[in-house]
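Hello,

Here is the structure we spoke about handing over. Please load it first; my notes follow below.

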Amino acid sequence: MFGIADYGAFVAAIVLFLAIPGPGNLALITSTSKGGVRGGLAATLGVIAGDQVLMWLAVAGVAALLSAYPAAFHAVQWLGAAYLAWLGFKMLTAKPGAAPVLNIEPRHYFKQAGLITLLNPKAIVFYMAFFPLFVDPVQHQGLLTFGVMAATIAALTFAYGFIVVMLTHRLAERMRANPRITRVLEKIAGVFLIGFGIKLAVSK
């Protein structure tokens with residue numbers, strides 16, 4: 001279909017990719033809990049933007065470039081590790097009543113989620129290594145093939161993000177009555193972000 005090797009498998013892979021716990025999901029949940037539906041949807045658009053950048057970089061041959069120059073790949077790894085660990089540290093050390101790590105303004109949610117996606121080890125691995133496997137070398141139709149893949153990824157990400165945002169929003173309304181639960185969840189999120197950063201730093 002449009003030069004995509006097994007479109008059904010491609011869709012299934014994207015859904016599984018989205019559902020795997022990682023910084024992207026954490027960004028959606030945190031943004032929604034802090035900024036409501038508007039903040040969550042802005043973060044969803046940020047994730048979509050980050051995904052599109054990574055996908056088109058893979059199309060442009062960045063994957064091959066990083067493979068040819070391991071030092072460049074390691075630089076990307078360490079940059080992502082430092083950024084995620086920094087976010088996690090800020091969440092762990094935040095005092096009660098302090099400004100949230102992810103700013104409430106939707107434009108900040110968009111940028112924050114986009115950066116997290118760009119530096120997300122899960123996303124980097126998928127787009128730079130796994131994603132090209134779905135391109136049929138025989139029936140490839142150039143930009144049309146990649147355009148259909150990009151549109152599919154964006155549509156599925158938006159649908160998934162919308163579901164996560166709405167579920168999180170309903171839970172967040174209940175948690176606002178107990179700020180202590182919110183603080184505990186923020187600390188847990190910080191630990192996970194630091195863990196993601198360490199995982200990215202030590203990955204080969």
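Helices and strands here are DSSP runs, numbered from the N terminus: helices are H or I with at least four residues, and strands are E with at least two. T145, for one, lies in helix α7.

Some ground rules. This is a predicted model, where local features need pLDDT of at least 70 and side-chain atom pairs count only at pLDDT 80 or more, while totals for chains, interfaces and linings use all residues. Residues are numbered from 1 along each chain as its sequence is written, and side-chain values use heavy atoms, with hydrogens and water left out.

**Overall fold**

The protein chain has eight helices and zero strands. Along the sequence the pattern reads α-α-α-α-α-α-α-α. Of the 204 residues, 42% are buried. Buried means under 20% relative accessible area, exposed means over 50%, and partly exposed lies in between (1.4 Å probe, protein chains only).

**Buried residues**

Back to T145. This residue has a relative accessible area of 0%, so it counts as buried. Its C-alpha is 7.8 Å from that of V135, ten residues away in sequence.

T44 sits in helix α2. It is buried because its relative accessible area is 1%. T44 and A27 are 17 residues apart along the chain, with 8.6 Å between their C-alpha atoms.

Y109 belongs to helix α5. Its relative accessible area is 1%, so Y109 is buried too. Across 78 residues of chain, the C-alpha atoms of Y109 and S31 are separated by 6.4 Å.

**Nonpolar surface patch**

Which residues form a nonpolar patch on the surface? They are L45, F110, F158, F162, I163, M166 and L167, with about 630 Å² of accessible area together. Patches are made of residues with over 30% relative accessible area and no salt bridge; like charges are joined within 9 Å, and nonpolar side chains (Val, Leu, Ile, Met, Phe, Trp, Tyr) within 5 Å. A salt bridge is a side-chain nitrogen of Lys or Arg within 4 Å of a carboxyl oxygen of Asp or Glu. Areas come from the Shrake-Rupley method with a 1.4 Å probe; for residues, only the protein chains shown count as cover.

Helix α7 (residues 143-175) gives the most to the patch, with five residues. F162 lies in α7. At 38% relative accessibility, F162 is partly exposed. The C-alpha atoms of F162 and V37 are 8.8 Å apart, though 125 residues separate them along the chain. F110 is found in helix α5 (residues 106-118). F110 is partly exposed as well, at 37%.

**Cavities**

How many cavities of 30 Å³ or more are there? The count comes to two. A cavity is a set of points, on a 1 Å grid over the protein atoms alone, where a 1.4 Å probe fits but cannot get out; lining residues have an atom within 4 Å of a point. Grid points are joined across faces, edges and corners, and a volume is the space filled by probe spheres set on the points.

The largest cavity holds about 150 Å³. It has 15 lining residues; L18, G24, N25, V47 and K122 lie nearest its centre. Elements giving two or more residues to this lining are α1 (7-19), α2 (23-59), α6 (121-130) and α7. α2 gives the most, with six. By class, the lining has six nonpolar, seven polar and two charged residues. Ala, Val, Leu, Ile, Met, Phe, Trp, Tyr, Cys and Pro count as nonpolar, Asp, Glu, Lys and Arg as charged, and the others, Gly among them, as polar.

Best regards

Note on methods. On a 1 Å grid over the protein atoms alone, a cavity is a set of points where a 1.4 Å probe fits but cannot get out, and a pocket is an open set with protein on both sides within 12 Å along at least five of seven lines; lining residues have an atom within 4 Å of a point.
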